[in-house]
Amino acid sequence: MTTQEFYKMIGSNVAKYRKEKGISQLELSLLMGYKSISVVSGAEIYYKGKHFNLEHLLKISEILEVDICKLITC
């Protein structure tokens with residue numbers, strides 16, 4: 001698996017669990033401490049190389065109440 005594929009998979013996992021919880025990209029962004037959806041929307045689809053870092057993933061796992069391991073596995 002390439003690094004790009006890995007980041008795309010993580011973004012896809014975040015989107016999946018976010019949608020399961022009924023949380024919009026904007027809501028997740030605000031809960032993470034951002035004022036716009038650019039971080040979440042870009043990283044979910046790996047737009048122009050944007051991706052979630054470890055701090056993002058920790059916050060997301062806490063917000064969505066999902067084990068962080070589920071965000072980084074196939």
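Reader: Why is K21 called partly exposed?

Author: This is a predicted model, and its values are computed from that model. K21 has a relative accessible area of 42%.

Reader: What makes E65 exposed?

Author: E65 has a relative accessibility of 68%. Exposed means over 50%, so E65 counts as exposed.

Reader: How do you know that K21 and E65 form a salt bridge?

Author: Their closest N and O atoms are 4.0 Å apart. The cut-off is within 4 Å, for a side-chain nitrogen of Lys or Arg and a carboxyl oxygen of Asp or Glu. The pair therefore counts as a salt bridge.

Reader: What makes this pair a link between distant parts of the chain?

Author: K21 sits in the loop between α1 and α2. E65 sits in the loop between α4 and α5. The two are 44 residues apart.

Reader: How many salt bridges does the structure hold?

Author: It holds 3. One of them joins the side chains of E44 and R18.

Reader: Why is the E44 and R18 pair called a salt bridge?

Author: The N to O distance is 2.7 Å. That is within 4 Å, so the pair meets the definition.

Reader: What does this pair tie together?

Author: E44 lies in helix α3, residues 38–44, and R18 in helix α1, residues 3–20. The pair therefore ties together parts that are 26 residues apart in sequence.

Reader: Is R18 buried or exposed, and how do you know?

Author: R18 has a relative accessibility of 6%. Buried means under 20%, so R18 counts as buried. E44 is buried too.

Reader: What else does R18 meet?

Author: A polar atom of its side chain lies 2.9 Å from the backbone oxygen of I23. Leaving aside neighbours within four places in sequence, R18 is in contact with residues including S24, Q25, L28 and L64.

Reader: What makes K59 and E55 a salt bridge?

Author: Their side chains meet at 3.4 Å, N to O. The limit is within 4 Å, so this pair counts.

Reader: Where do K59 and E55 lie?

Author: Both lie in helix α4. They are 4 residues apart, about one turn of the helix.

Note on methods:
Residues are numbered from 1 along each chain as its sequence is written. This is a predicted model: local features need pLDDT of at least 70, side-chain atom pairs count only at pLDDT 80 or more; totals for chains, interfaces and linings use all residues. Side-chain values use heavy atoms; hydrogens and water are left out. Buried means under 20% relative accessible area, exposed over 50%, partly exposed in between (1.4 Å probe, protein chains only). A polar contact is a pair of N or O atoms within 3.5 Å; within protein, one must be able to donate a hydrogen and the other to accept it, and residues adjacent in sequence count only if both atoms are side-chain atoms. Contact means heavy atoms within 4.5 Å.
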